[in-house]
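Subject: Structure handover

Hi,

Here is the structure we talked about. Please open it alongside this email; my notes follow below.

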Amino acid sequence: MTIHAEASTETGAIGSLHAITAFEADTPPRPLLSDSTVLRISNALQSSLYVKDVIHAFTVEARRIVRRISLRYRNRGEGVAFQEGRLQLHRCTYELNLLGKSLGELTFMRSQPFSTDDQALIEVMLCALVYPLRNALMYERALKTALTDPLTGVHNRGSMEQHLEHQVLVAVRHNTPLSVLMIDIDYFKRINDTYGHVVGDAVLTEVAKAIVKCTRNSDVVFRYGGEEFAVILTNTRSAGAQLLAQRICNAVASGRIEVAGTQIPVTVSVGVAELAPGEGSIDLLERADKQLYRAKVRGRNQVVTPDD
């Protein structure tokens, strides 16, 4: 079993030196670190199944061996990026691959150049990192799958209930505003009956994309069920939530969904509610749902708040 790490060292304005080092996992590395040190590093890296925790633990251990370093981890395939410490002039980057699968890119940085001995120590430490990192990536991938709606790619209802309960507790504890949008695709049954469920699925996917595109990074979008979506807006009062809801309405209505050259008109109705004193997560959702019902009654393709 072979672990490959592609190393690129950078020294400011000086050019880059590229090398490929191969480590045989089934044979002991060169005795640059004591057995007790290797065991300590291995134990530290197996204390969590979250990628950020694994990288942090590795950074702590690496700094005990190679002084004054910063680390940056990036995995473009998983959309993950972490940095431990500040950017520094001299860098040594390793592209980690295990059994032909990329585990991401790890960059070591510090103010002085890395010596050959420094790189040799780093490479021994990387042997201890690859399997805990692989396990953490697999765990987070499985966790994401369990919490994600497979059709639209947004979070599912199960994850929403847990997330909303947590955000309600945070809002109450810190006295910060919290709002919820309940969104329903208008006449969705008619779309399914007229064009078929394949088209209906395409409509769900496009509406989800439009909602996500309108939201901030701090907002979280969920598929609540069927043709209904929910958006949890932290640090947002009703007025701000209403503006976002109207932006979503406009984006969906102006979008183009075509089947066999025929454009399918799609609109949404949105109910808005802000967390009130003494409310829980269920109360907040119920009030947002009531506003959504009012939007439907009033003719659809509109936003309704408790103040309307």
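Which residues is arginine 223 in contact with, leaving aside its neighbours within four places in sequence? Before the answer, one caution: this is a predicted model. The contacts of arginine 223 are Asp149, Leu151, Thr152, Val154, His155, Asn156, Arg157, Leu204, Glu228 and Phe229, with neighbours within four places in sequence left aside.

Arginine 223 is found in strand 8, residues 220-225. Its relative accessibility is 17%, so arginine 223 counts as buried; the cut-off for buried is under 20%. A polar atom of its side chain lies 3.0 Å from the backbone oxygen of glycine 226.

Next, a helix pair. Helix 5 (residues 188-195) packs with helix 6 (residues 197-214) at an angle of about 140 degrees. Their axes are 7 Å apart. That angle makes helix 5 oblique to helix 6, because only angles over 145 degrees count as roughly antiparallel. Helix 5 makes the contact with Phe188, Ile191, Asn192 and Tyr195. Helix 6 brings His197, Val199, Gly200, Val203 and Leu204. By class, this contact has six nonpolar residues, three polar and no charged ones. Leu204 of helix 6 is also one of the contacts of arginine 223.

Now the cores. In soluble globular proteins, nonpolar side chains tend to be buried together. Here, the largest nonpolar core has 34 residues. Phe58, Leu106, Phe108, Met125, Leu126, Leu129 and Leu133 touch the most other members. Helix 1 (35-45), helix 2 (51-65), strand 3 (70-75), strand 5, strand 6 and helix 3 (116-146) each supply at least two residues. Helix 3 gives the most, with 11 residues.

Take a look at phenylalanine 108. Not counting residues up to four places away in sequence, phenylalanine 108 touches Phe58, Ile69, Ser70, Leu71, His90, Arg91, Cys92, Tyr94, Phe114, Ile122 and Leu126. There is also a second, separate core of 31 residues. Among them are Leu181, Ala241, Cys249 and Ile257.

Last, two backbone points. Most residues other than glycine have a negative phi. Leucine 99 has a positive phi, near 55 degrees. Leucine 99 lies in the loop between strand 5 (90-98) and strand 6 (101-110), and at 53% relative accessibility it counts as exposed. Asparagine 175 also has a positive phi, near 55 degrees. Its loop runs between helix 4 (157-174) and strand 7 (178-185). Asparagine 175 is exposed, with a relative accessible area of 70%.

Best wishes

Key: Residues numbered from 1 in each chain as written. Predicted model: local features only at pLDDT ≥ 70, side-chain atom pairs only at ≥ 80, totals over all residues. Heavy atoms only, no water. Axes fitted to C-alpha atoms, helices over the stretch in contact; angles between N-to-C directions. Helix = DSSP H or I, 4+ residues; strand = E, 2+ residues; numbered from the N terminus. Parallel < 35°, antiparallel > 145°, perpendicular 65-115°, else oblique. Contact = heavy atoms within 4.5 Å. Nonpolar A, V, L, I, M, F, W, Y, C, P; charged D, E, K, R; others polar. Buried < 20%, exposed > 50% of the residue type's maximum accessible area, 1.4 Å probe, protein only. Polar contact = N/O pair within 3.5 Å; in protein donor to acceptor, adjacent residues only side chain to side chain. Core = buried A, V, L, I, M, F, W, Y, C linked by side-chain atoms within 4.5 Å.
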